[in-house]
Amino acid sequence: MSEPLVLGFETSCDETGVGIVRGHTLLADALATSMAEHERFGGVVPEIASRAHLEAMVPTVHRALADAGIAASDIDAVAVTSGPGLTGALLVGVAAAKAYALALDKPLYGVNHLAAHVAVDELQHGPLAEPSIAMLVSGGHSSLLLVPDLAQDVQPLGRTIDDAAGEAFDKVARVLGMPFPGGPPIDKAARDGDPSAIAFPRGLTGPRDAPYDFSFSGLKTAVARWVEARERAGEPVPLADVAASFQEAVADVLTAKAVRACRDHGVDHLVLGGGVAANSRLRALAEERCEKAGIVLRVPSPKLCTDNGAMVAALGSRLVAAGVAPSAPDLGADSALPVDVVSR
(Lines give C-alpha, C1' and ligand atoms only; values in the text may rest on other atoms or scores of the structure.)
Protein backbone atom coordinates (compact mmCIF):
# COMPACT_ATOMS: atom_id res chain seq x y z
CA MET A 1 0.00 0.00 0.00
CA SER A 2 1.97 3.02 -1.23
CA GLU A 3 -0.44 5.76 -0.19
CA PRO A 4 -2.83 4.71 2.56
CA LEU A 5 -6.21 6.41 2.85
CA VAL A 6 -6.57 7.35 6.51
CA LEU A 7 -9.53 8.69 8.49
CA GLY A 8 -8.44 10.82 11.47
CA PHE A 9 -10.34 11.90 14.60
CA GLU A 10 -9.33 14.81 16.87
CA THR A 11 -11.28 15.57 20.07
CA SER A 12 -8.60 16.55 22.60
CA CYS A 13 -10.26 19.85 23.55
CA ASP A 14 -13.24 21.75 22.11
CA GLU A 15 -12.85 21.05 18.38
CA THR A 16 -14.41 17.98 16.77
CA GLY A 17 -12.07 17.38 13.86
CA VAL A 18 -12.38 14.69 11.20
CA GLY A 19 -9.76 14.57 8.46
CA ILE A 20 -9.09 12.30 5.50
CA VAL A 21 -5.61 12.00 4.04
CA ARG A 22 -4.10 9.91 1.25
CA GLY A 23 -0.35 9.75 1.75
CA HIS A 24 0.63 13.42 2.07
CA THR A 25 -2.48 14.70 0.28
CA LEU A 26 -5.30 16.30 2.25
CA LEU A 27 -8.71 15.24 0.93
CA ALA A 28 -11.00 16.55 3.68
CA ASP A 29 -10.75 18.55 6.89
CA ALA A 30 -14.18 18.84 8.54
CA LEU A 31 -14.45 20.73 11.81
CA ALA A 32 -17.12 21.49 14.38
CA THR A 33 -16.37 23.69 17.37
CA SER A 34 -18.07 24.33 20.69
CA MET A 35 -16.05 27.51 21.31
CA ALA A 36 -19.11 29.74 21.47
CA GLU A 37 -20.49 27.65 24.33
CA HIS A 38 -17.33 28.23 26.38
CA GLU A 39 -16.97 31.98 25.83
CA ARG A 40 -19.07 33.07 28.79
CA PHE A 41 -16.89 30.98 31.11
CA GLY A 42 -13.63 32.47 29.80
CA GLY A 43 -12.19 29.01 29.11
CA VAL A 44 -13.03 25.50 27.97
CA VAL A 45 -15.45 23.59 30.22
CA PRO A 46 -14.61 19.86 29.88
CA GLU A 47 -18.16 18.56 30.35
CA ILE A 48 -19.57 20.96 27.75
CA ALA A 49 -16.80 20.02 25.32
CA SER A 50 -17.46 16.28 25.75
CA ARG A 51 -21.19 16.62 25.15
CA ALA A 52 -20.57 18.79 22.09
CA HIS A 53 -18.25 16.11 20.64
CA LEU A 54 -20.99 13.51 21.06
CA GLU A 55 -23.48 15.65 19.15
CA ALA A 56 -21.09 16.69 16.39
CA MET A 57 -19.23 13.45 15.71
CA VAL A 58 -21.41 11.60 13.19
CA PRO A 59 -22.41 14.68 11.15
CA THR A 60 -18.75 15.75 10.97
CA VAL A 61 -17.67 12.30 9.73
CA HIS A 62 -20.39 12.38 7.06
CA ARG A 63 -19.26 15.84 5.98
CA ALA A 64 -15.62 14.73 5.71
CA LEU A 65 -16.53 11.69 3.61
CA ALA A 66 -18.66 13.85 1.32
CA ASP A 67 -15.91 16.47 0.96
CA ALA A 68 -13.39 13.77 0.07
CA GLY A 69 -15.79 12.13 -2.38
CA ILE A 70 -15.29 8.68 -0.90
CA ALA A 71 -17.27 6.01 0.93
CA ALA A 72 -16.36 4.85 4.42
CA SER A 73 -15.52 1.44 2.95
CA ASP A 74 -12.66 3.04 0.97
CA ILE A 75 -10.73 3.82 4.16
CA ASP A 76 -7.51 1.83 4.77
CA ALA A 77 -6.90 2.82 8.42
CA VAL A 78 -8.35 4.89 11.25
CA ALA A 79 -6.29 7.21 13.49
CA VAL A 80 -7.38 9.04 16.63
CA THR A 81 -5.86 11.36 19.21
CA SER A 82 -5.58 9.25 22.37
CA GLY A 83 -3.72 11.94 24.36
CA PRO A 84 -2.79 14.34 25.75
CA GLY A 85 -5.95 16.38 26.28
CA LEU A 86 -9.18 16.51 28.27
CA THR A 87 -10.03 12.97 29.36
CA GLY A 88 -13.77 13.13 28.65
CA ALA A 89 -13.25 14.75 25.26
CA LEU A 90 -10.56 12.24 24.29
CA LEU A 91 -12.82 9.33 25.23
CA VAL A 92 -15.50 10.46 22.77
CA GLY A 93 -13.01 10.47 19.90
CA VAL A 94 -11.43 7.15 20.89
CA ALA A 95 -14.86 5.49 21.16
CA ALA A 96 -15.91 6.84 17.76
CA ALA A 97 -12.65 5.77 16.11
CA LYS A 98 -12.94 2.28 17.59
CA ALA A 99 -16.49 2.00 16.30
CA TYR A 100 -15.55 2.98 12.75
CA ALA A 101 -12.43 0.77 12.75
CA LEU A 102 -14.44 -2.20 13.99
CA ALA A 103 -17.32 -1.63 11.57
CA LEU A 104 -14.95 -1.21 8.61
CA ASP A 105 -12.57 -3.96 9.79
CA LYS A 106 -9.60 -1.61 9.50
CA PRO A 107 -6.54 -1.08 11.73
CA LEU A 108 -6.75 1.55 14.46
CA TYR A 109 -3.89 3.88 15.46
CA GLY A 110 -4.01 5.86 18.69
CA VAL A 111 -1.67 8.81 18.18
CA ASN A 112 -0.09 11.62 20.18
CA HIS A 113 -1.72 15.02 19.76
CA LEU A 114 1.62 16.88 19.81
CA ALA A 115 3.29 14.65 17.24
CA ALA A 116 0.22 15.14 15.03
CA HIS A 117 0.79 18.91 15.11
CA VAL A 118 4.20 18.22 13.55
CA ALA A 119 2.86 15.74 11.01
CA VAL A 120 0.28 18.15 9.60
CA ASP A 121 3.04 20.24 8.04
CA GLU A 122 3.72 17.39 5.60
CA LEU A 123 0.31 18.01 4.02
CA GLN A 124 1.45 21.47 2.97
CA HIS A 125 5.23 21.23 2.54
CA GLY A 126 5.87 17.55 1.79
CA PRO A 127 8.01 15.05 3.72
CA LEU A 128 9.60 16.37 6.89
CA ALA A 129 13.35 16.77 7.01
CA GLU A 130 14.68 14.40 9.66
CA PRO A 131 15.99 15.38 12.09
CA SER A 132 13.98 18.56 12.62
CA ILE A 133 13.30 20.72 15.64
CA ALA A 134 9.60 21.29 16.29
CA MET A 135 8.16 24.05 18.46
CA LEU A 136 4.53 23.50 19.44
CA VAL A 137 2.66 26.39 21.04
CA SER A 138 -1.00 26.25 21.99
CA GLY A 139 -3.43 26.85 24.83
CA GLY A 140 -2.20 23.80 26.69
CA HIS A 141 1.33 23.26 25.43
CA SER A 142 4.59 25.08 24.79
CA SER A 143 7.09 22.41 23.78
CA LEU A 144 10.41 22.08 21.98
CA LEU A 145 11.00 18.69 20.38
CA LEU A 146 13.81 16.97 18.53
CA VAL A 147 12.31 14.83 15.77
CA PRO A 148 14.76 12.28 14.30
CA ASP A 149 11.88 10.09 13.04
CA LEU A 150 8.31 11.37 13.26
CA ALA A 151 6.80 7.88 13.13
CA GLN A 152 8.86 6.43 15.97
CA ASP A 153 11.29 8.85 17.62
CA VAL A 154 10.20 12.20 19.05
CA GLN A 155 12.36 13.52 21.90
CA PRO A 156 11.30 16.28 24.32
CA LEU A 157 13.84 19.07 24.79
CA GLY A 158 11.79 21.57 26.78
CA ARG A 159 8.29 22.47 27.86
CA THR A 160 6.32 25.05 29.78
CA ILE A 161 6.71 24.85 33.55
CA ASP A 162 3.53 26.85 34.23
CA ASP A 163 1.24 28.72 31.81
CA ALA A 164 1.49 27.73 28.17
CA ALA A 165 1.78 30.54 25.62
CA GLY A 166 -1.84 30.25 24.50
CA GLU A 167 -3.03 30.21 28.10
CA ALA A 168 -1.13 33.45 28.72
CA PHE A 169 -2.80 35.02 25.68
CA ASP A 170 -6.23 34.06 27.06
CA LYS A 171 -5.51 35.45 30.53
CA VAL A 172 -4.02 38.71 29.26
CA ALA A 173 -6.98 39.15 26.92
CA ARG A 174 -9.28 38.82 29.92
CA VAL A 175 -7.29 41.53 31.76
CA LEU A 176 -7.69 43.79 28.71
CA GLY A 177 -11.42 43.09 28.38
CA MET A 178 -11.01 41.15 25.14
CA PRO A 179 -13.01 38.04 24.17
CA PHE A 180 -11.98 34.39 24.55
CA PRO A 181 -9.92 32.90 22.99
CA GLY A 182 -7.41 35.68 23.46
CA GLY A 183 -4.95 35.03 20.62
CA PRO A 184 -6.80 36.62 17.68
CA PRO A 185 -7.97 39.81 19.45
CA ILE A 186 -4.52 40.46 20.93
CA ASP A 187 -2.88 39.87 17.54
CA LYS A 188 -5.33 42.31 15.94
CA ALA A 189 -4.90 44.99 18.62
CA ALA A 190 -1.12 44.68 18.51
CA ARG A 191 -1.00 45.82 14.88
CA ASP A 192 -1.71 49.38 16.03
CA GLY A 193 0.64 49.25 19.03
CA ASP A 194 4.32 49.75 19.78
CA PRO A 195 6.00 46.44 20.73
CA SER A 196 8.75 48.31 22.58
CA ALA A 197 6.43 50.59 24.54
CA ILE A 198 6.50 48.48 27.72
CA ALA A 199 9.45 46.34 28.86
CA PHE A 200 7.63 43.20 29.95
CA PRO A 201 9.81 40.36 31.36
CA ARG A 202 11.18 37.42 29.36
CA GLY A 203 10.81 34.35 31.57
CA LEU A 204 13.53 31.69 31.90
CA THR A 205 16.06 33.56 29.76
CA GLY A 206 18.83 33.94 32.35
CA PRO A 207 22.20 32.17 32.03
CA ARG A 208 21.30 29.65 34.74
CA ASP A 209 17.77 28.93 33.50
CA ALA A 210 16.81 25.77 31.62
CA PRO A 211 17.64 26.70 28.00
CA TYR A 212 14.60 25.06 26.36
CA ASP A 213 11.89 25.39 29.03
CA PHE A 214 9.24 28.11 29.00
CA SER A 215 7.46 30.16 31.65
CA PHE A 216 4.75 32.70 30.89
CA SER A 217 3.08 33.00 34.28
CA GLY A 218 5.33 35.86 35.39
CA LEU A 219 4.72 37.70 32.12
CA LYS A 220 0.96 37.35 32.53
CA THR A 221 1.19 38.68 36.09
CA ALA A 222 3.40 41.59 35.00
CA VAL A 223 0.84 42.65 32.39
CA ALA A 224 -2.00 42.46 34.94
CA ARG A 225 -0.07 44.55 37.48
CA TRP A 226 0.89 47.14 34.88
CA VAL A 227 -2.74 47.53 33.80
CA GLU A 228 -3.98 47.66 37.41
CA ALA A 229 -1.44 50.38 38.26
CA ARG A 230 -2.65 52.52 35.34
CA GLU A 231 -6.27 52.05 36.36
CA ARG A 232 -5.56 52.91 40.01
CA ALA A 233 -3.86 56.11 38.88
CA GLY A 234 -6.92 56.96 36.79
CA GLU A 235 -4.90 56.87 33.59
CA PRO A 236 -6.13 55.31 30.33
CA VAL A 237 -4.76 51.88 29.42
CA PRO A 238 -3.16 51.90 25.94
CA LEU A 239 -4.59 48.56 24.81
CA ALA A 240 -2.68 48.43 21.53
CA ASP A 241 0.68 49.09 23.19
CA VAL A 242 0.02 46.56 25.97
CA ALA A 243 -1.05 43.93 23.43
CA ALA A 244 1.95 44.59 21.18
CA SER A 245 4.45 44.59 24.05
CA PHE A 246 3.03 41.39 25.56
CA GLN A 247 2.94 39.65 22.18
CA GLU A 248 6.53 40.72 21.48
CA ALA A 249 7.70 39.23 24.79
CA VAL A 250 6.09 35.88 23.98
CA ALA A 251 7.37 35.76 20.40
CA ASP A 252 10.86 36.86 21.47
CA VAL A 253 11.24 34.04 24.00
CA LEU A 254 9.72 31.35 21.80
CA THR A 255 11.80 32.11 18.72
CA ALA A 256 15.06 32.66 20.61
CA LYS A 257 14.80 29.28 22.32
CA ALA A 258 13.77 27.51 19.11
CA VAL A 259 16.73 28.89 17.17
CA ARG A 260 19.06 28.02 20.06
CA ALA A 261 17.77 24.43 20.04
CA CYS A 262 18.46 24.17 16.31
CA ARG A 263 22.02 25.47 16.72
CA ASP A 264 22.78 23.33 19.77
CA HIS A 265 21.64 20.13 18.06
CA GLY A 266 23.06 20.88 14.60
CA VAL A 267 19.60 20.86 12.99
CA ASP A 268 18.76 23.23 10.14
CA HIS A 269 14.98 22.73 9.91
CA LEU A 270 12.42 24.20 12.32
CA VAL A 271 8.70 23.40 12.27
CA LEU A 272 6.14 25.54 14.09
CA GLY A 273 2.79 24.08 15.11
CA GLY A 274 -0.14 24.57 17.45
CA GLY A 275 -2.76 27.29 17.63
CA VAL A 276 -0.37 30.07 18.69
CA ALA A 277 1.68 29.41 15.54
CA ALA A 278 -1.11 31.29 13.75
CA ASN A 279 0.06 34.48 15.50
CA SER A 280 1.36 36.95 12.92
CA ARG A 281 4.22 38.33 15.03
CA LEU A 282 5.47 34.89 16.03
CA ARG A 283 5.53 33.82 12.38
CA ALA A 284 7.30 37.00 11.26
CA LEU A 285 9.95 36.94 14.00
CA ALA A 286 10.58 33.22 13.50
CA GLU A 287 11.08 33.82 9.78
CA GLU A 288 13.45 36.72 10.44
CA ARG A 289 15.60 34.86 12.98
CA CYS A 290 15.66 31.59 11.02
CA GLU A 291 16.78 33.37 7.86
CA LYS A 292 19.58 35.04 9.79
CA ALA A 293 20.66 31.71 11.30
CA GLY A 294 20.45 29.73 8.05
CA ILE A 295 17.55 27.62 9.30
CA VAL A 296 14.72 26.44 7.04
CA LEU A 297 11.41 27.42 8.66
CA ARG A 298 8.25 25.43 7.99
CA VAL A 299 4.93 26.75 9.27
CA PRO A 300 1.55 25.31 8.22
CA SER A 301 -1.24 27.65 7.19
CA PRO A 302 -3.13 29.12 10.17
CA LYS A 303 -6.07 26.77 9.58
CA LEU A 304 -3.82 23.72 9.95
CA CYS A 305 -2.08 25.13 13.06
CA THR A 306 -5.19 24.83 15.22
CA ASP A 307 -6.57 21.44 16.32
CA ASN A 308 -8.00 19.47 13.39
CA GLY A 309 -8.60 15.95 12.15
CA ALA A 310 -6.23 16.37 9.20
CA MET A 311 -3.19 16.38 11.48
CA VAL A 312 -4.27 13.10 13.09
CA ALA A 313 -4.87 11.50 9.71
CA ALA A 314 -1.47 12.78 8.53
CA LEU A 315 0.33 11.12 11.43
CA GLY A 316 -1.71 7.98 10.94
CA SER A 317 -0.59 7.91 7.33
CA ARG A 318 3.06 8.15 8.41
CA LEU A 319 2.60 5.28 10.87
CA VAL A 320 0.97 3.03 8.26
CA ALA A 321 3.68 3.81 5.68
CA ALA A 322 6.40 3.10 8.27
CA GLY A 323 4.92 -0.28 9.13
CA VAL A 324 4.19 0.64 12.74
CA ALA A 325 1.91 -1.88 14.47
CA PRO A 326 -1.71 -0.75 15.02
CA SER A 327 -3.09 -0.13 18.49
CA ALA A 328 -4.69 -2.87 20.55
CA PRO A 329 -8.50 -3.12 20.69
CA ASP A 330 -8.48 -1.92 24.30
CA LEU A 331 -6.91 1.44 23.35
CA GLY A 332 -7.83 4.07 25.93
CA ALA A 333 -7.41 7.79 26.48
CA ASP A 334 -4.39 9.17 28.33
CA SER A 335 -4.77 12.83 29.28
CA ALA A 336 -1.07 13.04 30.17
CA LEU A 337 0.37 11.01 27.31
CA PRO A 338 4.13 11.78 27.11
CA VAL A 339 5.27 13.44 23.92
CA ASP A 340 7.85 10.72 23.22
CA VAL A 341 5.02 8.16 22.87
CA VAL A 342 4.08 8.78 19.24
CA SER A 343 1.50 6.00 19.05
CA ARG A 344 -0.02 3.53 21.49
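**Exercise 1. Work out how big the largest pocket is, what lines it and where it sits.**

Step 1: the volume comes to about 1,100 Å³. A pocket here is an open set of points on a 1 Å grid over the protein atoms alone, where a 1.4 Å probe fits, with protein on both sides within 12 Å along at least five of seven lines. The volume is the space filled by probe spheres set on the points. This is a predicted model: local features need pLDDT of at least 70, side-chain atom pairs count only at pLDDT 80 or more, and totals for chains, interfaces and linings use all residues. Residues are numbered from 1 along each chain as its sequence is written, and side-chain values use heavy atoms, with hydrogens and water left out.

Step 2: 37 residues line this pocket, with Cys-13, Ser-138, Gly-139, Gly-140 and Asp-170 nearest its centre; a lining residue has an atom within 4 Å of a point.

Step 3: α6 is the top contributor to the lining, giving 6 residues. Helices are DSSP runs of H or I, at least four residues, and strands are runs of E, at least two.

Step 4: The domain bounds come from an automatic or database assignment.

**Exercise 2. Link the second largest pocket to strands β7 and β8.**

Step 1: its volume is about 200 Å³, and 14 residues line it, Ser-143 and Arg-159 being among those nearest the centre.

Step 2: β7 and β8 each supply at least two lining residues.

Step 3: Ser-143 has Arg-159 in β8 as its bridge partner.

Note on methods: Pairing = 2+ DSSP bridges.
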